[in-house]
Structure formats: structure tokens, C-alpha cells
Amino acid sequence: MTARAEAAAETKQRILDAAVRALQDTFRSDIRLEDVAAAAGVSVQTVLRVFGRRARLIDSAMAAVVAQIGAGLDQAPPGDVDASVTAWFDHYERFGDLVVRNLADESDPAVAYLVRTGRSRHRQRVQRQFAPQLADVPSGERARLVDALVCACDVYTWKLLRRDMGRSRRQAESTMRLTITALLGGR
């Protein structure tokens, strides 16, 4: 009985891992059960038996990705611009293309929720990371400065520098640091 349960858990994990990899490579709407099943080494019928339906599989995979996404971002101490930029780039280098695909696919209601959640968490993270520098900024100015910092640290900034302009990670990080430092004005 134990061996059967372990085998079932292993099969479920292989399917979930295959779906997570698929999410990292393609739009959610383009993921086919046949491809996930083949990558997991099982049949489509097994995928359906384990997850019930495609939407449940994709939702489970998205939940796994979201859990991975948040893990490394909060490692930088608040106020440390260099460590914050490094953490954002570690995150974007791993998940940036997926995030950009989700942004492009946000007309899908299931993706829209994730995008809204991501935007909210990004803003909260920016406020957390730069809280020491923002502490003495008057509230009217603080809101605009937070908006600017949200833009400076955004995945689209990473995409523009790394993907569109072809900058090395080192160059792109340096540009983001320069932008943040300029916005903070020596704070």
C-alpha cells in the first residue's frame, strides 16, 4: 500500500513539474495536456485521473510557480539598493520571461488575477525595500517617488535592458541601480 501511494505521489509530482516547465516556456492558453503528459512520461488519461481537468492542473502549476517566485525576493535587507537589485535580477533572470508572457495573456481571467496580485506585491516589495530612504519623504512626494521606483524595478525594465537592448546582466543591473540611486537622490 505504501509503495502504491509513493508511486502515485511521484507521478503527480512529475506531472506538476512538467506543467510548471510548460508554463515557463509558453502561454498558459497554449499548454496542451498531450505535451505535459509526454514530458511527464504518462498518458493524458493519467493526467486527467490525477488532476481531474486541465484547468486544475494549470492552476496547481501556477500556484507552484507563484510560491517559487516570492521565495528569493525578500532576502535583501530593506534600504540596501545593491542587494535589492541583485534580488530582482535573480528573480527576473529565472521568471521574467514567464511574467512578461503572463502580462501579455492577462485578458485570460485566470491570468488576470495573478497579474493583479503580482503588481500589488511588486509595489509592496518596492515600498519595503526602500522604506528607509522613503521615511522622511513628504507623503505627496512619496507617492510619486514610489511610482517611479516601481517603474524602475519592474520586469519591463529588465526586459527592455536584457531582451530588447541585449545588455549583459552586469550592465543591466548597473543601469537599474543608477536609475534607483538617481530617483532616491542620495537618500
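In what order do the elements of the protein run from the N terminus on? The order is α-α-α-α-α-α-α-α-α-α, and the protein has ten helices and zero strands. Helices (H or I, at least four residues) and strands (E, at least two) are DSSP runs, numbered from the N terminus. The model is a predicted one, in which local features need pLDDT of at least 70 and side-chain atom pairs count only at pLDDT 80 or more, whereas totals for chains, interfaces and linings use all residues. Residues are numbered from 1 along each chain as its sequence is written, and side-chain values use heavy atoms, with hydrogens and water left out.

The C-alpha trace spans about 60 × 35 × 30 Å along its principal axes. Of the 187 residues, 37% count as buried; buried denotes under 20% relative accessible area, exposed over 50%, and partly exposed in between (1.4 Å probe, protein chains only).

Helix 1 comprises 24 residues (residues 2–25), which at 1.5 Å a residue should span 34 Å; its end C-alpha atoms are 35 Å apart, in agreement with this value. The expected span is 1.5 Å times one less than the number of residues. Buried residues of helix 1 include Thr11, Ile15, Ala18, Ala22 and Leu23.

The largest nonpolar core contains 27 residues, and those with the most contacts inside it are Trp88, Val126, Phe130, Leu149, Ile180 and Leu184. Such a core is a set of buried Ala, Val, Leu, Ile, Met, Phe, Trp, Tyr and Cys residues joined through side-chain atoms within 4.5 Å. At least two residues of this core come from each of helix 5 (81–104), helix 6 (109–129), helix 8 (139–152), helix 9 (155–164) and helix 10 (169–184). Helix 5 supplies the largest share, seven residues. A second, separate core of 24 residues includes Ala18, Val50, Val65 and Phe95.

Leu48 lies in helix 3 (residues 44–51) and is partly exposed, with a relative accessible area of 30%. Leaving aside neighbours within four places in sequence, Leu48 is in contact (heavy atoms within 4.5 Å) with Leu33, Arg53 and Arg54. The C-alpha atoms of Leu48 and Cys153 are separated by 40 Å, the two residues being 105 residues apart along the chain. Cys153 is among the residues touched by Trp88, as are Leu73, His122 and Gln129, when residues up to four places away in sequence are not counted.

Where helix 9 and helix 10 meet, Thr157, Leu161 and Arg162 of helix 9 face Arg169, Ala172, Thr175 and Met176 of helix 10 in contact.
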